[in-house]
Amino acid sequence: MTVMDPVVPLELPGHDEPGTKAPLLRTLRLALPARRRLALSILLGATAVAAAIGLMATSAWLISRASQHPTETVLTTAICAVEFFGLTRGLARYGERLVGHDAAFRVLGDVRVTIYERLERLAPAGLPAFRRGDLLSRLVQDVEDLQDLMVRVIPPFAIALVVGIATVALVWWLLPAAGLVLLVALVLAATVVPWLTGALARRSQARQAAERGALTAAVVDLLAGVQDLTAFGGTEAQLDRIAHHDTELTTIAAASARTAGIGLGLTTLLTGLATWGALLVGVTAVHQERMPGVQLAVLALVPLAAFEIVVGLPTATEALERVRRSADRVFAVLDTPVPVREPDDPVALPAGADELRVTGLRARHPGAESAALDGVDLTLAPGRRVAVVGPSGSGKTTLANVLLRFVDYEAGSVTLGGVELDRLDGDDVRSVVGLVADDAHLFDTTLVANLRIGRRDATDDECYAVLEEVGLLEWVGALPKGLKTRVGEDGVRLSGGQRQRVALARALLADFPVLLLDEPTAHLEPAAAAALTADLLDVTRHRSTLFITHRLLGLEEVDEIVVIDAGRVVERGTHDLLMAADGRYARLWWRELEMV
Ligand SMILES: Nc1ncnc2c1ncn2[C@@H]1O[C@H](COP(=O)(O)OP(=O)(O)OP(=O)(O)O)[C@@H](O)[C@H]1O
Ligand SMILES: [Mg+2]
């Protein structure tokens, strides 16, 4: 039996990259701070290649000249020159690699930090534009590809130009006709061959970066959803999808190798032709006594060495193509509009700011047609607790996100300590307003490390104190490793309730003046939810707390209950007032009571 295809939602969105303007120029601009190192590496690279050609020329001359039994001085000088060129080549090559990679890694580091800073701004509201695995591939592999511009593209072309001209000039000086032969062969090898491989590469590489992103995304999906996929029998289909991307990538890699092979073959052919051509005109010149015979070996062997400067160019054009594709994907992340505009000139947060006042708030998610919140009023005075209740999709999480500066608001006003929120720096706001989300993330490390995310310098005793507040002290005491217990990826080794309590303890440790709790009991069964709600209300007494929940039971002691529906406040008041009013809240409350 075929199960209804459970992997349909995992289908690739199949959107084409938007295509950034002048991705190469922008990559170059990123490399600007490393320009001195880059120039030095090109200089060293040119020295290494020039030394290789010099080595070949002097050795060829030495061998021919030796047959004429010259004086010892001539021989020693020539041997010294050979040794000099040999040593220089090795040292310069080493220096070039060192300096070039150093420059590239510095730029990579900067680019990664820039992207990370952008992601920090985009998350959490802006990230749905990218799939997790794809984003990972952009951040790691695509950024890494950018370094090729500085290591594999610019230096080979620059070196080929400089050393090529010098070598042609040298051969021209020995015999103009041979210089001409070398010039033609080098120009062909530096233009036609790379152009051809470039054209071939464009075809095969058009999809490489995107495929790589899709493969990573599919693997991450598989790993994240392995339980559901296994339960619904969808593992095979997902594995097929991964295999498909893998095959595509293999095909692309094979095409890339073929292109490189064609480039190398053509260059080798041109090397042979240039050597033959030089020999031909050289032999004629020696016959006509226009050139001494000893120079013939130099004419024949220099082209062999000279082709070292063009042999890397086909790979360079292929790398150029790869850099362009990857740069497109990297800049797509950097160009994603931030969901929240930070003020150019932020106002300093007033000391002790802990009062939140919301009036006529309207907020819309980026790209959404209608507003998720419209005309919400709410005041969270110091030490007060306000509960926000409402059906799924009514805008409760959106409200929390606005208060945390994760989502912008388009009308109305939100003030923290009397200052309009959009005039404050987002990080400042989040230093006052803390969140415990319904799916709080625990990191795959120890319990105590997860707690200390709240406050880095918290002592063990302080950790025990907050664990006691959230009712976990006994549990931790019974663990063989206590605070050092590892919680597993996403906290899998804890129960849902324990996870939420740890998240709450972390927020208590951070001691935010204003605490937002978004559905902390969302994933718990009724008894555990009731117990956690009671504990939450206990520990938040005298703390400014906005308690977002879909559970109405147990809210008797909060100062105000705000009922929202479709982004609007439909009822508000204390539990007693709302029950007396016998409206929406009272109806839902009775229904919930019947269910437990
Ligand atoms: N990132 C987003 N982009 C676009 N629309 C969004 C986004 N997040 C939420 N919405 C929409 O905004 C509205 C309010 O969503 P919100 O998450 O605030 O609801 P909620 O009250 O928290 O629901 P629940 O009780 O299910 O958590 C919904 O219509 C939802 O589809
Ligand atoms: Mg929600």
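In the predicted model, Trp590 is partly exposed, with a relative accessible area of 46%. Trp589, by contrast, has a relative accessibility of 11% and therefore counts as buried, the limit for this class being under 20%. The structure contains 2 aromatic pairs. In the one formed by Trp589 and Trp590, the ring centres are 5.1 Å apart and the planes meet at 85°, so the arrangement is edge-to-face; an angle over 60 degrees is required for that description.

The domain assignment divides the protein into domain 1, covering residues 23–334, and domain 2, covering residues 356–595. A distance of 55 Å separates the C-alpha centres of domain 1 and domain 2. A further contact involving an aromatic ring is found between Arg26 and Phe331. Arg26 is placed over the face of Phe331, 4.1 Å from the centre of the ring.

Polar contacts to oxygen atoms of ligand 1 involve both side-chain and backbone atoms of the protein. Ser392 contributes a polar side-chain atom, located 2.5 Å from an oxygen atom of ligand 1. At Ser394, a polar backbone atom lies 3.2 Å from an oxygen atom of the ligand, while at Gly395 a backbone N or O atom is found at 3.0 Å from an oxygen atom of ligand 1. Considered alone, ligand 1 exposes 640 Å², of which the protein buries 59%.

Methods:
Residues numbered from 1 in each chain as written. Chains lettered and ligands numbered in written order. Predicted model: local features only at pLDDT ≥ 70, side-chain atom pairs only at ≥ 80, totals over all residues. Heavy atoms only, no water. Phe/Tyr/Trp six-rings, centres within 6.5 Å; stacked < 30°, edge-to-face > 60°. Buried < 20%, exposed > 50% of the residue type's maximum accessible area, 1.4 Å probe, protein only. Lys NZ or Arg CZ within 6 Å of the ring centre and 35° of its normal. Domains from an automatic or database assignment. Polar contact = N/O pair within 3.5 Å; in protein donor to acceptor, adjacent residues only side chain to side chain. Areas by Shrake-Rupley, 256 points an atom, 1.4 Å probe, with all protein chains shown as cover.
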